[in-house]
Amino acid sequence: MSSRTSAKRTTLRAAAAGTTIAILAVLVLAADQFTKYLALENLPEREVVPVIGDFFQLYLTFNPGAAFSLGEGVTWVFTLVLAAAALSIVFLAATRVRSRAWSVVLGLLLGGILGNLTDRLFRAPGLLVGHVVDFIHTPWLWLWFPSAIYNVADMFIVTMMIAVAILVLLGRRFDGTREKDAARAAASAEADADAPASANPHAQP
């Protein structure tokens, strides 16, 4: 398979990339808000509900800060950070992203960000300082660290940030090309430009 054919299979038109990101973001946002609704309607607050012993539990709580309830007194800061991250992804979607992989990753990441941002904007105690609904508890996951309670949005944020790091390490650009392929093409073009005219069989005498 040629690199050109491979590139075609992994790149999208601008509209398709934007649509992919939007659809995935809406699906994740809907899943996050629906599961939070179920938690609010069915779980007692701050009481452990075992599902699979200590492996998987439900524990409804409201988080005014970041992970492990850090920064409880500056909730509005996290709201602004989430909003800035969401706007950055929308900007990239509109202007730069053409990669299928980046479209999927950024779409899922945007959905997670919007899930928690929705809580910050519309839940008590008020605009910009709303508390995020957390209800998933997996004590084994944190090893020797203090256990964290999280939600569906958090799951997508964490996993997609890992995926972003992987794409960066692999050298995958927003347009679907790889850094090493771009470097190879640039080197080849430079070599062709430096080649003497006599080496070109099509050169005019």
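A salt bridge here is a side-chain nitrogen of Lys or Arg within 4 Å of a carboxyl oxygen of Asp or Glu. With that in hand, let us look at the charged network of this predicted model, and then move on to its sheet and its surface.

## A chain of salt bridges

Searching the whole structure turns up three salt bridges.

| Salt bridge | N to O distance |
|---|---|
| Asp 32 and Lys 36 | 2.9 Å |
| Asp 119 and Lys 36 | 2.8 Å |
| Arg 123 and Asp 119 | 2.8 Å |

Asp 32 and Lys 36 are both part of helix H2, which covers residues 14-42. Four residues, or about one turn of the helix, separate the two. Is Asp 32 buried or exposed? With a relative accessible area of 0%, Asp 32 is buried, because the limit for that class is under 20%. Lys 36 also counts as buried, at 0% relative accessibility.

The next bridge reaches across the chain. Lys 36 meets Asp 119, with their closest N and O atoms 2.8 Å apart.

The remaining bridge brings in Arg 123, whose side chain meets that of Asp 119 at 2.8 Å, N to O. Here the two partners fall into separate accessibility classes: Asp 119 counts as buried at 0% relative accessibility, while Arg 123 is partly exposed, with a relative accessible area of 21%. Through shared partners, the salt bridges join Asp 32, Lys 36, Asp 119 and Arg 123 into one network.

## The sheet

Now for the strands. The protein holds six helices and four strands, and from the N terminus on its elements follow the order α-α-β-β-α-α-β-β-α-α. The strands make an open sheet in the order S1-S2-S3-S4, with antiparallel pairing. S1 and S4 are the edge strands; each has a single partner strand, so one side of each lacks a neighbour in the sheet. As a general point, strands of a sheet pair through backbone hydrogen bonds, either parallel or antiparallel.

S1 is joined to S2 by three bridges, and the two run antiparallel. Within this pairing, Pro 50 has Gln 57 of S2 as its bridge partner. S2 (residues 56-63) is in turn joined to S3 by five bridges, again antiparallel. Phe 62 has its bridge partner in S3, namely Val 133. Between S3 and S4 (residues 149-150), two bridges form an antiparallel pairing. There, His 137 stands opposite Ile 149 of S4.

How many of the six residues of S3 are buried? Six of the six are, and this strand (residues 132-137) is mostly covered.

Two aromatic pairs are counted in the structure. One of them is formed by Phe 55 and Trp 140, which are stacked, with 4.9 Å centre to centre and 5° between the planes. This pair, too, links distant parts of the chain: Phe 55 sits in the loop between S1 and S2, Trp 140 in the loop between S3 and S4, and they are 85 residues apart. Phe 55 is partly exposed, at 47% relative accessibility. Trp 140 falls in the partly exposed class as well, with a relative accessible area of 44%.

## The whole protein

Finally, some totals. Of the protein's 205 residues, 32% count as buried. The accessible surface comes to about 12,400 Å², and 68% of it belongs to carbon and sulfur atoms. Taking contacts between residues at least 6 apart in sequence, 63% join residues at least 24 apart.

Notes. Residues are numbered from 1 along each chain as its sequence is written. This is a predicted model: local features need pLDDT of at least 70, side-chain atom pairs count only at pLDDT 80 or more; totals for chains, interfaces and linings use all residues. Side-chain values use heavy atoms; hydrogens and water are left out. Buried means under 20% relative accessible area, exposed over 50%, partly exposed in between (1.4 Å probe, protein chains only). Two strands pair if DSSP finds at least two bridges between them. Rings of Phe, Tyr and Trp (its six-membered ring) pair if their centres lie within 6.5 Å; planes under 30 degrees apart count as stacked, over 60 as edge-to-face and the rest as tilted. Contact means heavy atoms within 4.5 Å. Accessible areas come from the Shrake-Rupley method with a 1.4 Å probe; for residues, only the protein chains shown count as cover.
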